[in-house]
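Biologist: I would like to learn how to read a model like this one. Please take me through it feature by feature.

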Amino acid sequence: MIQHLLDGILIGAILSLGAIGLTMVMHMLRFANFSHAELLSIGAYAALVFDKLFKVLMPVLADQIGPLSMTWALVLAIVLSMALTGASAVLFDRLVFRRVREKGEELSMVFASFGLALIVRNVIGLVFGLHTQLYSQDIVFAVVLSRDPLLLVKPDQLAALAATLAIMAALHLVLSRTTFGYALRAVAENPVLAQVNGIDLRRMIVIVWLLGGGLASLAGVFYGLSNQISPVIGRDLVLPIFAATIVGGIGSIYGAVLGGFIVGIAANLALFVLPSGYSPSVPFLIIIAVLLLRPNGLFGEART
Amino acid sequence: MIGVISYLVFFTTVASILAIAVLGLNLQWGNTGLFNGGVAAFFGAGAYGTLILGGTPQAGHLGGFGLFYPLAVLGGMAAAGVLAWIVGVATLRLRHDYLAISTFGVAVAFENVMRNAEALAGGAKGLRGFERPLRDALGDGFVYNIAFLLVVLVLLLATYLFLERLVGSPFGRLLRAIREDETAARSLGKSPARVRLTAFVTGAVIMGLAGALYGTFYAFVSPQDVLPTLTFQIWAMLIVGGAGNNRGAILGTFLIWGAWTASGWALSRFAPIEAQLYAGSIQYVLIGLVIVGMLLWRPQGLFPERLVVSQSGQG
Amino acid sequence: MPDAALEAVGITAGYVPDLPILLDVSLRAEAGSVTVIIGPNGAGKSTLIKAIAGLVPVSRGTVALRGQDITGLRPHHMARHGIAYVPQTDNIFRSLTVGQNLDLALRRAGSAGPDRLARLLDRFPALADKRGDKAGALSGGQRQFLAVAMALATAPQLILMDEPSAGLAPKAAQEVLEFARDLTEQGVTILLVEQNVNQALRLADHCYILAEGRNQVDGPAEALLGDPIVAEIYLGGKRLRAGA
């Protein structure tokens with residue numbers, strides 16, 4: 001039971017990171033972006049490449065940090081990967097979404113994101129191969145947190161959770177204390193009014209893509225650390241991340257964070273009643289339940 | 001020669017079945033503006049429903065009710081309709097992205113359940129034990145395939161005529177009105193949510209028919225047949241044909257299915273053996289490029305909807 | 001004639017290309033006056049002030065502020081030119097607190113700071129007590145005042161208001177409109193859309209009547225008050241100018 005809860009929190013942190021960017025984009029640009037989860041894949045693979053590069057260029061960095069399998073090279077690689085993934089998100093917007101948007105084809109955006117997801121996922125498969133990969137070949141054993149009840153956790157997972165919580169705390173400070181944070185929330189809530197209030201919407205859209213891409217990259221790396229890296233990360237996580245945004249209410253950043261944890265925990269606790277093979281269906285059940293019971297999610301506001 | 005003809009019969013049969021599904025999607029997307037990200041689920045519900053209801057008794061999984069074939073097909077279509085109704089009721093009164101996400105989700109869940117529920121649908125091994133109707137009379141060979149193709153073509157034509165009439169009817173105009181301007185439609189006293197639900201379920205039932213025929217044709221269905229890839233393919237067919245235009249949808253189906261099978265054949269024939277594993281990835285990239293490229297450069301499709309002058313008559 | 005505070009000439013505008021909602025509409029607002037736009041539903045009143053605010057693309061015509069052409073400026077630049085726009089609904093950020101809403105508005109004017117905020121709040125005592133509250137929790141009248149306070153943060157020359165009294169209780173509506181009226185004494189120009197014809201005409205200096213996206217009649221508000229032509233345009237009995 002407690003092990004499932006712990007696993008749920010660990011995966012929940014990853015979903016939250018993915019959902020923050022998605023919920024903002026969905027609300028501001030008014031479309032369900034099916035390619036958002038592919039940013040996690042891009043992030044995971046970009047970090048893999050940078051990590052290898054740093055280990056070759058600067059062997060000093062190849063040492064593991066304490067009990068983790070993570071190296072300083074990987075930490076640096078993550079930072080670069082976040083920047084690169086954010087930049088790809090901006091690029092996708094330039095190449096595809098903005099052009100569809102400017103044609104006034106709002107409904108077609110969803111469709112474009114489907115096509116883009118298909119392209120990104122399969123190009124990654126072609127470039128890096130369809131097999132799974134790992135950041136480190138060293139086996140890091142799970143640490144026994146307690147024997148009764150038995151609780152196992154990998155040090156990497158704890159580090160990832162701690163980093164996620166730290167980033168969320170930083171994000172919270174920015175959102176609740178700075179004018180930039182107010183502007184970000186303002187844009188998420190009401191893009192038209194934000195413009196009227198002197199906020200440059202185009203610039204904010206770029207910032208939101210950068211931020212969403214960066215956080216998605218982090219989520220991708222953390223997922224790769226606790227599981228493995230494969231071209232289907234995006235395919236497997238797209239539905240749980242959507243579920244997180246819907247649980248939290250589309251447009252609510254705090255809702256996305258909470259939604260991620262709720263979906264992660266619920267999906268793991270569902271394993272008590274369902275055989276594990278059915279876990280990919282759980283996010284769908286959560287989505288339908290929320291839409292029937294509380295269609296605007298926990299924090300969302302009605303909007304047609 | 002007979003080989004070529006029998007291949008053409010095979011190709012035309014599959015393409016015509018897919019065209020029926022594309023017509024169903026056209027009702028949802030082209031005429032009503034409803035995004036269905038889970039075509040594979042409704043198609044699959046039709047296939048599984050038909051095979052379970054019409055199959056012979058099997059050890060190990062549900063089915064073998066041995067229903068009279070047309071009844072089994074109707075049952076499959078009803079299964080697709082019920083699935084659509086459940087998703088529709090939950091989402092159609094909400095903003096449009098909820099429908100997109102939920103339909104995508106239902107397809108993921110459908111495939112997942114079919115893959116795992118051995119007792120219900122045979123699990124990953126798929127559903128066996130279905131006897132194609134009239135097999136005793138027509139045998140298993142070329143004659144049967146020709147006869148089956150004729151049945152499929154008749155049903156394709158029937159679906160086409162049904163949809164053309166529907167689109168031309170007051171209900172069809174209402175769909176367009178809701179797609180163009182929901183508030184205006186509501187002010188006319190029509191409930192957009194109910195009208196959209198009707199269109200959505202009808203489209204799904206048509207996809208269910210396509211699935212039923214597909215399952216019948218192969219006398220077999222497995223989770224491999226209801227992967228999200230199918231949804232993407234059907235989408236590409238519609239957008240190439242031109243959303244809103246039924247004739248274009250059918251042409252688009254043949255074009256994309258032709259391109260898909262041709263590219264699959266070319267890759268298996270000419271690509272180096274070590275690249276064969278990646279043939280699928282290359283095809284998916286191509287499908288993705290077709291979708292994105294059409295949206296960017298020719299959103300009205302290759303065969304766009306004939307210009308319909310608005311009933312209100314501007315100005 | 002000296003340059004008007006605002007002059008729109010021959011505006012054709014709409015949300016989608018080729019589907020104009022406004023056809024060749026012109027309007028002039030004198031500095032320090034209240035100008036009101038009235039007209040039946042669907043006349044294009046809101047679209048007109050959105051077009052002036054840069055929120056609806058203008059396909060033909062010009063908008064000039066004190067003689068300076070501002071047509072087609074992106075909406076977030078309007079503030080810098082001294083234009084504030086108060087939308088009809090959703091005119092405050094509900095998920096932010098009152099103080100955060102105002103901070104955002106002041107920052108755009110490049111003048112944030114505790115003293116500026118305090119001075120702004122001095123003018124809105126009802127808001128001062130609610131600084132830390134979520135704006136979404138305010139009453140209708142308080143929301144409208146917050147929206148106006150946000151508009152004033154930039155010390156604008158021109159305030160565009162879309163039905164400021166809509167959905168308010170009569171007393172609150174009166175208060176908001178009188179507040180707007182008082183602003184003109186400090187030289188601010190007000191352009192507003194109103195549904196309540198009589199209230200609007202009593203308040204305003206000049207009035208424009210729009211129907212079917214075109215100018216119909218305009219004149220001093222006092223003169224139009226009680227003029228049967230107003231009712232005729234509303235009821236559709238009067239033959240409308242051009243088009244129709």
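Modeller: Start with a salt bridge, meaning a side-chain nitrogen of Lys or Arg within 4 Å of a carboxyl oxygen of Asp or Glu. C:Arg28 makes one with C:Glu7, and their closest N and O atoms are 3.1 Å apart. This pair links distant parts of the chain: C:Arg28 sits in strand E2 (residues 22–29) of chain C and C:Glu7 in strand E1 (residues 6–13) of chain C, 21 residues apart. Strands (E, at least two residues) and helices (H or I, at least four) are DSSP runs, numbered from the N terminus.

Biologist: What should I know about the model and its numbering?

Modeller: It is a predicted model: local features need pLDDT of at least 70, side-chain atom pairs count only at pLDDT 80 or more, and totals for chains, interfaces and linings use all residues. Residues are numbered from 1 along each chain as its sequence is written, chains are lettered from A and ligands numbered from 1 in the order in which they are written, and side-chain values use heavy atoms, with hydrogens and water left out.

Biologist: How many salt bridges does the structure hold over all chains?

Modeller: There are 14. One of them pairs A:Glu189 with C:Arg94, with the closest N and O atoms 3.9 Å apart. A:Glu189 lies in helix H6 (residues 179–189) of chain A and C:Arg94 in the loop between strand E6 (83–86) and helix H3 (98–108) of chain C, so this pair joins two chains. A:Glu189 is buried at 14%, while C:Arg94 is partly exposed at 23%. Salt bridges that share partners join A:Glu189, C:Asp90 and C:Arg94 into one network.

Biologist: How do I check the length of a helix?

Modeller: Take 1.5 Å times one less than its number of residues as the expected span. Helix H10 (residues 253–269) of chain A has 17 residues and should span 24 Å; its end C-alpha atoms are 24 Å apart, which agrees.

Biologist: What do the buried residues of H10(A) pack against?

Modeller: Contact means heavy atoms within 4.5 Å. The buried residues of H10(A), among them A:Ile253, A:Val257 and A:Phe261, pack against helices H1 (2–29), H5 (155–177), H9 (233–248) and H11 (282–293) of chain A.

Biologist: How many helices and strands are there in chain A?

Modeller: Chain A has 11 helices and two strands. Buried residues make up 59% of its 304 residues. Of the contacts in chain A with a separation of 6 or more, 76% are between residues 24 or more positions apart.

Technical notes: Buried means under 20% relative accessible area, exposed over 50%, partly exposed in between (1.4 Å probe, protein chains only).
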